[in-house]
Amino acid sequence: NLDPTYRSAEVDALRFERYYRHGLELVGERRFEEALRAFDQALALRPDNGEAQAQRQRAAWYSDALSFWGVNWSQVIDGLQAIYEHQPGYADVTQRLMAAQEAWGDDLAETGRWCQAADHYGEALRVKSSAALQAKQRSASVACVQATPTPAEAAQDSATPQPASGGPYAGPANSAGHLAFA
């Protein structure tokens, strides 16, 4: 007969170690959903183990972040940034964070939101520099400045009345260069 209480603490310690190591191996293989299950099994045996909790949290952040890839850049970046702040060398978080910031910048640039695009390119450059990304950031910054009126231009545009089409000032200008009344 087997005694279920025989060295149960030692057996649990060995099981915890195996589940925890297996979780780390799965993270290394980029199999995050399976890693989460392995960490959960380890934590069922030692719920207060801080390192297992941290590894599980990073795997969850990474998995959640990638589930929003191409759909919600803010969610992707928030998740990857949380990992990057705690462990920049985790999986491929550095490359993914840079790519997500660049992709969001590209999306913003395509819709003419140059200032926001320049900001995201700048954030990507803070993670990792590249000549292509620097060129995108410079172009977006130039477009931002060109597209943004100065306060004086904005005030002048809003203070100058514009003739309405077909209004009382419609028609050709007279010889003095003023619009003739209709």
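Which side chains meet in a salt bridge at 2.8 Å, N to O? They are those of glutamate 102 and lysine 136. A salt bridge is a side-chain nitrogen of Lys or Arg within 4 Å of a carboxyl oxygen of Asp or Glu. This pair links distant parts of the chain, with glutamate 102 in helix α5 and lysine 136 in helix α7 (residues 131-147), 34 residues apart. Helices here are DSSP runs (H or I, at least four residues; strands are E, at least two), numbered from the N terminus. Lysine 136 is partly exposed, with a relative accessible area of 29%. Buried means under 20% relative accessible area, exposed over 50%, and partly exposed in between (1.4 Å probe, protein chains only).

The model is predicted; local features need pLDDT of at least 70, side-chain atom pairs count only at pLDDT 80 or more, and totals for chains, interfaces and linings use all residues. Residues are numbered from 1 along each chain as its sequence is written, and side-chain values use heavy atoms, with hydrogens and water left out.

Side chains of opposite charge can pair when their charged atoms come close. The whole structure holds 11 salt bridges. One of the salt bridges joins aspartate 12 to arginine 15, at 3.3 Å from N to O. Both residues lie in helix α1 (residues 8-28), 3 residues apart, so about one helical turn separates aspartate 12 from arginine 15. Aspartate 12 is partly exposed, at 31% relative accessibility. Arginine 15 is also partly exposed, at 38%.

Another salt bridge pairs glutamate 29 with arginine 31. The closest N and O atoms of glutamate 29 and arginine 31 are 2.5 Å apart. Glutamate 29 has a relative accessible area of 46% and is partly exposed. Arginine 31 is partly exposed at 36%. A network of salt bridges links Glu29, Arg31 and Glu34.

Arginine 30 has a phi near 65°, a positive value in a residue other than glycine. Arginine 30 sits in the loop between α1 and α2 (32-45). Its relative accessibility is 41%, so arginine 30 counts as partly exposed. Alanine 91 also has a positive phi, near 45°, and is likewise a residue other than glycine. Its place is in the loop between α4 and α5. Alanine 91 is partly exposed, at 24% relative accessibility. Most residues other than glycine have a negative phi.

Helix packing was examined next. Two packed helices are described by the angle between their axes and the distance between the axes. Axes are lines fitted to C-alpha atoms, for helices over the stretch in contact, and angles run from 0 to 180 degrees between N-to-C directions. Helix α4 (residues 73-86) packs with helix α5 (residues 93-110) at about 155°, with the axes 9 Å apart. Helices α4 and α5 are therefore roughly antiparallel. Angles over 145 degrees count as roughly antiparallel, under 35 as roughly parallel, 65 to 115 as roughly perpendicular and the rest as oblique. The crossing of α4 and α5 is left-handed. Left-handed means that the near helix is turned anticlockwise from the far one by less than a right angle; clockwise is right-handed. From α4, the contact includes Trp73, Ile77, Leu80 and Tyr84; from α5, the contributors include Val93, Leu97, Ala100 and Trp104. Contact means heavy atoms within 4.5 Å. By class, the contact of α4 with α5 has 11 nonpolar, 4 polar and 2 charged residues. Nonpolar covers Ala, Val, Leu, Ile, Met, Phe, Trp, Tyr, Cys and Pro; charged covers Asp, Glu, Lys and Arg; the others, Gly among them, are polar.

The axes of α2 and helix α3 (residues 50-67) come within 9 Å and cross at roughly 155°. That makes α2 roughly antiparallel to α3. The crossing of α2 and α3 is left-handed. Residues in contact include Phe32, Leu36, Phe39 and Leu43 of α2, and Ala52, Arg56, Ala59 and Tyr62 of α3. The contact of α2 with α3 has 8 nonpolar, 3 polar and 3 charged residues.

Two single residues complete the account. Threonine 94 lies in helix α5 and is buried, at 17% relative accessibility. Threonine 94 touches Tyr84, Pro88 and Val127, not counting residues up to four places away in sequence. Glutamine 134 lies in helix α7 and is partly exposed, at 32%. Glutamine 134 and tyrosine 121 are 13 residues apart in sequence, with their C-alpha atoms 7.6 Å apart in space. Leaving aside neighbours within four places in sequence, glutamine 134 contacts Leu125 and Ser129.
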